[in-house]
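Please read it alongside the sequence and the model.

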Amino acid sequence: MFFKRKEKLNIDSLRNTFDAQKKILIEKEYPAMLNMSLEDFNNNLESLWKSFSEKAGNLEIEIKGSIPLLLVAGGNLQEKIKLINGHTELDLNNIKLNKTVEKFYILLDVEDGTKMVAKSSKEALKRFGKENRSALNLDESIALITYYPETLKNHYLITAGSFYNKDEEDLPLLWLLDEDHNPELHYAWFDIAHGSYGTASYSIKFNK
């Protein structure tokens, strides 16, 4: 059996990713969506980065994903779906995020679901548990598509960190099946395994 060696985080490289993602949020008018001035928006993110860099400066992790850092913003789900040119006919009141949603936080070592394509979310969650990873919730999946929209051209994204209904049998699904090939929020079954579906995950979460 072969084990990957843990790597020390490259804070400078992560800062570049952080800044690029912050720029995209500003371009998509997240400050206005969050009822924040641009100055307050930047100050909040700088405070988050300062806290993160102090905590993570000497951290070593085993890299499993292709996205080193994901900046996640809270806010209204319906508005955030519109900001990725998406739409949904689901009742968003039925979506259970399963996690406290801060205004901003950081995920490290995100795997976009490619490794879990054709595996059910039930199977993926078992794998994540063994690897000390967590499935993305819907806020996090929307962040992923905000920065990396090409992901949905490779595979659709099941969000196993959230549930769609009270029975916890349906999961939010982002796909491109509308007539204009824009993201649509639909749902998938917990135990479905499909060659076009993948479940994304991350290693570590940081907040202020």
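Helices here are DSSP runs of H or I with at least four residues, numbered from the N terminus. By that numbering, H6 gives 5 residues to the lining of the largest cavity, the largest share. The model is predicted.

**Cavity**
- There is 1 cavity of 30 Å³ or more in the structure, and the volume of the largest cavity is about 30 Å³.
- Two or more lining residues come from each of strand S3 (67–73) and helix H6 (138–147).
- The lining includes Leu71, Val72 and Ala73, as well as Asp139, Ile142, Ala143, Thr146 and Tyr147.
- By type, the lining residues are 8 nonpolar, 1 polar and 2 charged.

**Helix H5**
- Ser121, Ala124 and Phe128 are the buried residues of H5, which spans residues 121–130.
- Viewed down the helix axis, these buried residues fall within an arc of 55 degrees, so they line one face of H5.
- Lys126, Gly129 and Lys130 are exposed on the face turned away from the buried side.
- The buried residues of H5 pack against several strands, among them S7 (156–158), S8 (170–175) and S10 (197–199).

**After H5**
- Asparagine 132 follows H5 and has a positive phi, near 55 degrees.
- Arginine 133 lies in the loop between H5 and S6 and is buried, at 7% relative accessible area.
- The side chains of arginine 133 and serine 201 make a polar contact at 2.9 Å.
- Beyond its neighbours within four places in sequence, arginine 133 has contacts that include Lys64, Asp109, Glu111 and Phe128.

Notes:
Residues numbered from 1 in each chain as written. Predicted model: local features only at pLDDT ≥ 70, side-chain atom pairs only at ≥ 80, totals over all residues. Heavy atoms only, no water. Buried < 20%, exposed > 50% of the residue type's maximum accessible area, 1.4 Å probe, protein only. Arc of directions from axis to C-beta. Contact = heavy atoms within 4.5 Å. Polar contact = N/O pair within 3.5 Å; in protein donor to acceptor, adjacent residues only side chain to side chain. 1 Å grid on protein atoms, 1.4 Å probe; cavity = no way out; pocket = protein on both sides within 12 Å on 5 of 7 lines; lining within 4 Å. Points joined across faces, edges and corners; volume = space filled by probe spheres on them. Nonpolar A, V, L, I, M, F, W, Y, C, P; charged D, E, K, R; others polar.
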